[in-house]
Amino acid sequence: MAEPQTLRLEGIRKAYGVGTKAATEVLHGIDLDIQRGEFTALIGPSGSGKSTLLNLIGLLDRPTSGRLFITGVEAAKLDDAALTRLRATAVGFVFQFHNLLPAFTAQENVMLPLLAARGRPDAVMQERAASLIAAVGLTQWAGHLANDLSGGQQQRVAIARALIMQPALVLADEPTGNLDTQSADGVFDLLRQVNRDSGTSFLIVTHDPRLAQRCDRIIELVDGKIASDRPNKVESAKET
Amino acid sequence: MNPLLPFEWILATRFMREGLMQTLLIISGVALGVSVIVFISALISGLQSNLFRRTLDYQAQIVIRPPEEIARTLHTEGDVDWATLVQPRAQRLRSVDQWQTVRKLLEKMPEVVVVAPVVAGAGFVLRGNADKAVNMTGIEPESYLRLIALQAQMVAGSAELGSDDILIGTELGNSLGVGLGDKLILQTASKASATLTVSGIFDFGNKGINERSVYVALRTAQSLLNLPGGATSIELNVVKPFDAEIVAQSISAQTGLDVQSWIVLNAQFFSALQAQSMSNFIIRFFVGLTAALGIASVLVVSVVQKSKEIGILRATGTTRGQILRLFLLQGAVMGCLGSLVGSAAGWAFLMAWRGIAKNANGTPLFVIEFDPMLFLWAALGATLVGTLAAVFPARTAAKLDPAVAIRG
């Protein structure tokens, strides 16, 4: 095996309130592989466990049982500090709301993960953030505070931030759920473009079937189980 | 972003600037507390050193006397005591045995500043038909004037007396009608007498002392009191007045003499000083506690307000340690800034107070002791208190579950 899989889940279960009478299992044994460069949609009704699964994959939470590998590293074997480091380098996040720190400018928000990792700002960091800001088309907004940007612009900044550590996998939780159709299309196009250019894998949680249809693979989660997992032929007309 | 600042500093300053109102309020709160501490401390230490000076200006810190004479019982045979009633002996005036040797020994001690032999006893001053009972103190000017600030109390003449000179108080001079250069007869109970010239008049600000004390040369007192070459006490000052009792005990152990420090001789005054220090400490403690609670509550609120941002930071690779330091830093910075503002304000209060609180004659009512170290300690203390106050909120922030925090 030349290159480890970006993501591998084996029999992942997650229960809340373990040890109490109210213990409920949310995920009932998930097996999943994501290869490098895959652009995958995760769909399913509310309460099906999508967000729980995303938190586990994003190393924000630990599974009750099962094994989880990111870029070949088994998460269960890491302590909290190592988990934070792995999360910082291997996974990028784009959330639906409250993505950015309002006290910082667009470019500073993009820099933050790198700054946290290195401890002090430097010129290389500034350059990399600036080029990512340019890549998401916000150069003229780079110096504006996050709160002064529109919702679509904020999501673009969040995407740039998710990419600054050059992660193997970007997790996006309803990245366009808060946007009007036009901005949503723009943000989605940007995700696809980054995916094509950098080979970064994407896992996108969405309620929007229109967006899911524009992904290479669609995984449907129902009641904590994978109900379907199928490749999807993207019609090239819709892609641009 | 300032490239010189580490990550936590950048975040801390941004967070504090973001909640500027809260930050300013709590800095004002800390400043108020620190200014109260600075003001009260300066006032109390000024008051204390003033009292302290007034007490120690007029008495030596350690006084060494010959041991008391004890009436010994007759020897005991078996269980029978021959003398069943023992009367304490009347203490006659005696010299400290071998005082010159003791003096040399004391002068070699590093803790000792100055040693002065004294011959003190009772006498009468006579002028014409008038006579007054006085306490005569025979001194060696070169050592005694370094021990007691006598020169500073002189209103006429000089404290540097010769063997035919006498120093008297203002009240005694008035009641006898004598002034500088006039002659007096000093007589003792054993009818020894000397005719002396008034070479100086002092005012200790105490009527009793001014009326009953006279100073003569050591030799004059020795001959009048029939103690040739003797000294009824040896008095000394030490480098650290508050260590006087420790030094006194070590001298007592070495010489077997009766050694007493000003701390024992002025037990009441000393306990008053300690009570003051204690009240000062209590004020500091509670003001510090109040400031700490203020900082802690602001940070607790801030952690709640910023929980989503903390979640984002955690999700994008900020470690628990970094979050912890971020909030500790905010506490420290608020404490430190508050103490700087508070020190300045406390200083301004002191200046204003010095201008307002005056005696009728225009001299300041309170002597305010101004110790620059007080500001340094206030700043360090407030920074420490701020950091400690931030421990609980910082731990809360560091423990936040990023998944929960982001969902909100």
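In what order do the six strands of the open sheet in chain A run? The order is β6-β7-β8-β3-β9-β10, and the pairing is mixed. Keep in mind that you're looking at a predicted model.

- Going from one strand to the next, the twist averages 20 degrees.
- β6(A) runs parallel to β7 (residues 169-173) of chain A, and four bridges join the two.
- Within that pair, you'll find V94(A) opposite A172(A) of β7(A).
- Helix α1(A) packs on the sheet, where it touches β3 (39-43), β7, β8 (201-205) and β9 (217-222) of chain A.
- The direction of α1(A) makes about 150 degrees with that of β7(A).

**Helix α2 of chain A**

- Take a look at α2 (residues 80-90) of chain A: T84(A), R87(A), A88(A) and A90(A) are buried there.
- The cover over those buried residues of α2(A) includes two strands from the sheet above, β6 and β7 of chain A, along with β4 and α3 (106-118) of chain A.

**Chain B as a whole**

- Chain B has 14 helices and 10 strands.
- Chain B is more spread out than a compact globule, because its radius of gyration is 33 Å, well over the 22 Å that the globule rule gives for 408 residues.
- The C-alpha trace of chain B spans about 105 × 70 × 35 Å along its principal axes.
- Chain B is divided into domain 1 (7-55 + 270-407) and domain 2 (99-262).
- Taken over C-alpha atoms, the centres of those two domains of chain B are 52 Å apart.
- Of the 408 residues in chain B, 38% are buried.
- If you take contacts in chain B between residues at least 6 apart in sequence, 79% of them join residues at least 24 apart.

**The nonpolar cores**

- The largest nonpolar core has 119 residues, and L169(A), I295(B) and F327(B) have the most contacts inside it.
- Helix α12 (residues 320-356) of chain B gives the most to this core, with 11 residues.
- What does I295(B) touch, leaving aside residues up to four places away in sequence? The list is I26(B), V30(B), G331(B), M334(B), G335(B), G386(B), A389(B) and A390(B).
- Another core, of 51 residues, lies apart from the largest one; among its members are I64(B), I168(B), A231(B) and I263(B).

- L59(A) has a positive phi, near 60 degrees, and lies in the loop between α1 (50-57) and β4 (65-70) of chain A.
- Is L59(A) buried or exposed? L59(A) counts as buried because it has 23 C-beta neighbours inside 10 Å, and the cut-off for buried is 20 or more.
- Q98(B) also isn't a glycine, yet its phi is positive at about 55 degrees.
- You'll find Q98(B) in the loop between β1 (62-65) and α3 (99-108) of chain B.
- Q98(B) has 12 C-beta neighbours inside 10 Å, so it counts as exposed.

Methods. Residues are numbered from 1 along each chain as its sequence is written. Chains are lettered from A and ligands numbered from 1 in the order in which they are written. This is a predicted model: local features need pLDDT of at least 70, side-chain atom pairs count only at pLDDT 80 or more; totals for chains, interfaces and linings use all residues. The radius of gyration is taken over C-alpha atoms; the globule rule is 2.2 Å times the number of residues to the power 0.38. Two residues are in contact if their C-beta atoms, placed from the backbone, lie within 7 Å. Two strands pair if DSSP finds at least two bridges between them. Axes are lines fitted to C-alpha atoms, for helices over the stretch in contact, and angles run from 0 to 180 degrees between N-to-C directions. A nonpolar core is a set of buried Ala, Val, Leu, Ile, Met, Phe, Trp, Tyr and Cys residues joined through C-beta atoms within 7 Å. Domain bounds come from an automatic or database domain assignment.
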